[in-house]
Amino acid sequence: MSTDHVATIRHSLRRWLSLLGNLRPTFHVASVAEIDSAFLERHGIRAVLWDVDGTLMSYHGDDVDPAFPHLRTLLGDGSTRHAILSNCDEGRFEELGKIFSEIPVIRAYTSPTGPVFRHKLRGGDTHSANEVDAVLRSGRQIRKPSGELVRYGMRVLDVHDPAAVLMIGDQYLTDVASANLAGTLSAKVRTHRRDTFPTSLRLGQNLERLVYAVVSVFS
């Protein structure tokens, strides 16, 4: 299993008890194929934060899946602002900066002086390689679930009303919980091309769905 998914699972498991009240999404959507400009307009959405693997493409895919031909148009039409918010490792972050060069790809780290926020856009980076190395030596990546990451995405997109922001992803414990921690809307989609994911991660997804089902009964 890749190091990014090991870290994601470890991060979520440490906090899962405190997250149980933050797993209910605003919308359950079968697929991002159903999320178009009409959907966003109908719900007053002005900014969208996207998960990537399992949401827009298969595991570590190299572009938006052809099954969603409308999404490239949606990401670039200008009527709604978009950004990428993934729990990937540093190497995958560099890849996503190229795949989605036209919209911000967001990241954050801990540091002795507080959170360090970073994003890539149109081939640029808010931090130099030396600055990133320094941060990684003294801190670690901040991963979803994180309300901080979502709020930073809102600042980058210059949309400050949580009710106008939608986080879209395939995981309750990372994507939906992040949105709820920040007070934004969320859309939970089914994992796309689940067969491409590592077995250990698929088992984690099964556990997550079970936890959500139990929590839903008692909430």
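Accessible areas come from the Shrake-Rupley method with a 1.4 Å probe, and for residues only the protein chains shown count as cover. By this method the chain has an accessible surface of about 10000 Å², with 54% of it belonging to carbon and sulfur atoms. The model is predicted: local features need pLDDT of at least 70 and side-chain atom pairs count only at pLDDT 80 or more, while totals for chains, interfaces and linings use all residues. Residues are numbered from 1 along each chain as its sequence is written, and side-chain values use heavy atoms, with hydrogens and water left out.

**Overall form**

The C-alpha trace spans about 50 × 40 × 35 Å along its principal axes. Of the 219 residues, 52% are buried, where buried means under 20% relative accessible area (1.4 Å probe, protein chains only). Among contacts (heavy atoms within 4.5 Å) with a separation of 6 or more, 67% join residues 24 or more positions apart.

**The sheet**

The chain holds 8 helices and 8 strands; these are DSSP runs numbered from the N terminus, helices being H or I of at least four residues and strands E of at least two. The 8 strands form an open sheet of mixed pairing, in the order β1-β8-β7-β2-β3-β4-β5-β6; two strands pair if DSSP finds at least two bridges between them. β1 (27-29) and β6 (124-125) are at the edges with a single partner strand each, so one side of each has no neighbour in the sheet.

| Pair | Bridges | Residues between strands | Positive phi |
|---|---|---|---|
| β4 and β5 | 5 bridges | 6 residues | G114, near 120 degrees |
| β5 and β6 | 2 bridges | 2 residues | R122, about 50 degrees |

I106 stands opposite H119 in β5. In β6, G124 is the bridge partner of L121, and D125 that of K120. Helix α6 (residues 147-157) packs on the sheet and touches β2, β3, β4, β5 and β7.

**S178**

S178 lies in helix α7 (residues 172-182) and is buried, with a relative accessible area of 0%. Its side chain reaches the backbone nitrogen of S146 at 2.9 Å. Beyond its neighbours within four places in sequence, S178 contacts K144, P145, S146, G147 and V150.

Notes
Axes are lines fitted to C-alpha atoms, for helices over the stretch in contact, and angles run from 0 to 180 degrees between N-to-C directions. Buried means under 20% relative accessible area, exposed over 50%, partly exposed in between (1.4 Å probe, protein chains only). A polar contact is a pair of N or O atoms within 3.5 Å; within protein, one must be able to donate a hydrogen and the other to accept it, and residues adjacent in sequence count only if both atoms are side-chain atoms.
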